[in-house]
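Here are my notes for your read-through. Please keep the coordinates open and check each point against them.

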Amino acid sequence: MTQQVDSRIKRQEVLARTTPLHLWAVLDEGVLKRKVGNDAVMAAQIDHLIEQTQQRHINIQVLPLTAGAHAAAGTGHFVTITSGGITSAYAELLGGGLYMDTADQVKRYTTAMDYLRSQAADPVASLKILSAYRKEYDA
């Protein structure tokens with residue numbers, strides 16, 4: 001578990017470089033409702049997300065529960081990464097992760113991400129959703 005946390009922290013460093021990568025995240029509203037830790041932990045996590053929405057290179061959208069079934073239902077956490085014109089996908093699994101780089105595999109994930117972005121609330125509405133959940137965790 002410590003290794004996974006260290007890896008995630010290291011990955012976040014690419015967002016703080018002089019020329020940071022562009023991050024476009026779609027969060028299922030369920031992650032805002034599902035309490036991990038206590039109210040203070042949840043408040044801090046949501047504060048961090050709200051702070052990140054102010055970065056020009058970071059887009060965060062919330063996929064509302066009212067969107068119903070969605071393109072990535074059952075897939076869990078995944079990312080698509082484009083660098084140097086090459087796109088790959090990474091999916092987290094129990095006990096590790098899986099990198100995919102074949103055209104068919106990558107297309108499956110990039111298409112899912114396109115659908116998620118279209119079903120999610122726009123960035124302004126997403127910020128309002130984040131702010132509303134943040135108020136729920138006020139101590």
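1. Start with strand β2. Six of its six residues are buried, so β2 is largely enclosed by the rest of the structure. Both faces are covered. I58, I60 and V62 are buried on one side. N59, Q61 and L63 are buried on the other. Bear in mind throughout that this is a predicted model.

2. Next, the partner of β2. Strand β1 (residues 23-28) runs parallel to β2, and six bridges join the two. Within this pairing, V26 stands opposite Q61 in β2. That is the Q61 listed above among the buried residues of β2.

3. Now helix α3. Its 14 residues should span 20 Å at 1.5 Å a residue, and the end C-alpha atoms are 20 Å apart, so expectation and model agree. The buried residues of α3 are M42, A43, I46, I50 and Q52. An α-helix has 3.6 residues a turn, so residues three or four places apart point the same way. The buried residues of α3 pack against α2 (30-33), β2 and α5.

4. What does the largest nonpolar core consist of? It has 14 residues. L32, I46, I129 and L130 have the most contacts inside it. At least two residues of this core come from each of α3 (39-52), β2 (58-63) and α5. The largest share, four residues, comes from α3. In soluble globular proteins, nonpolar side chains tend to be buried together.

5. Look at I129 on its own. Leaving aside neighbours within four places in sequence, I129 is in contact with L32, V62 and A121. Of these, L32 is listed with I129 among the residues with the most contacts inside the largest core. V62 is one of the buried residues of β2.

6. Then S126. This serine lies in helix α5 (residues 123-136). Is S126 buried or exposed? S126 counts as buried, because its relative accessibility is 0%. Not counting residues up to four places away in sequence, S126 touches I60, Q61, V62 and A121. I60 and V62 sit on one face of β2, Q61 on the other.

7. Strand β3 (residues 78-83) and strand β4 (residues 86-93) pair in the antiparallel sense over six bridges. They form a hairpin with two residues between them. S83 has I86 in β4 as its bridge partner. In the turn, G84 has a positive phi of about 60°.

8. E92 is in strand β4. Its relative accessible area is 22%, so E92 is partly exposed; the cut-off for buried is under 20%.

9. A71 is in the loop between β2 and β3. With a relative accessible area of 38%, A71 is partly exposed. Not counting residues up to four places away in sequence, A71 touches A112, Y115, L116 and Q119. The C-alpha atoms of A71 and S88 are 18 Å apart; the two are 17 residues apart along the chain.

10. On the rings: a search of the whole structure finds two aromatic pairs. In one of them, Y90 and Y99 have ring centres 4.5 Å apart and planes at 45°, so the pair is tilted. Y90 counts as buried, at 12% relative accessibility. Y99 is exposed, with a relative accessible area of 59%.

11. There is also a charge over a ring. R117 lies over the face of W24, at 4.5 Å from the ring centre.

12. T2 lies in helix α1 (residues 2-12). T2 is exposed, with a relative accessible area of 58%. The C-alpha atoms of T2 and V124 are separated by 34 Å. Along the chain, the two are 122 residues apart.

Note on methods
Residues numbered from 1 in each chain as written. Predicted model: local features only at pLDDT ≥ 70, side-chain atom pairs only at ≥ 80, totals over all residues. Heavy atoms only, no water. Phe/Tyr/Trp six-rings, centres within 6.5 Å; stacked < 30°, edge-to-face > 60°. Buried < 20%, exposed > 50% of the residue type's maximum accessible area, 1.4 Å probe, protein only. Lys NZ or Arg CZ within 6 Å of the ring centre and 35° of its normal. Contact = heavy atoms within 4.5 Å. Core = buried A, V, L, I, M, F, W, Y, C linked by side-chain atoms within 4.5 Å. Pairing = 2+ DSSP bridges. Expected span 1.5 Å × (residues − 1).
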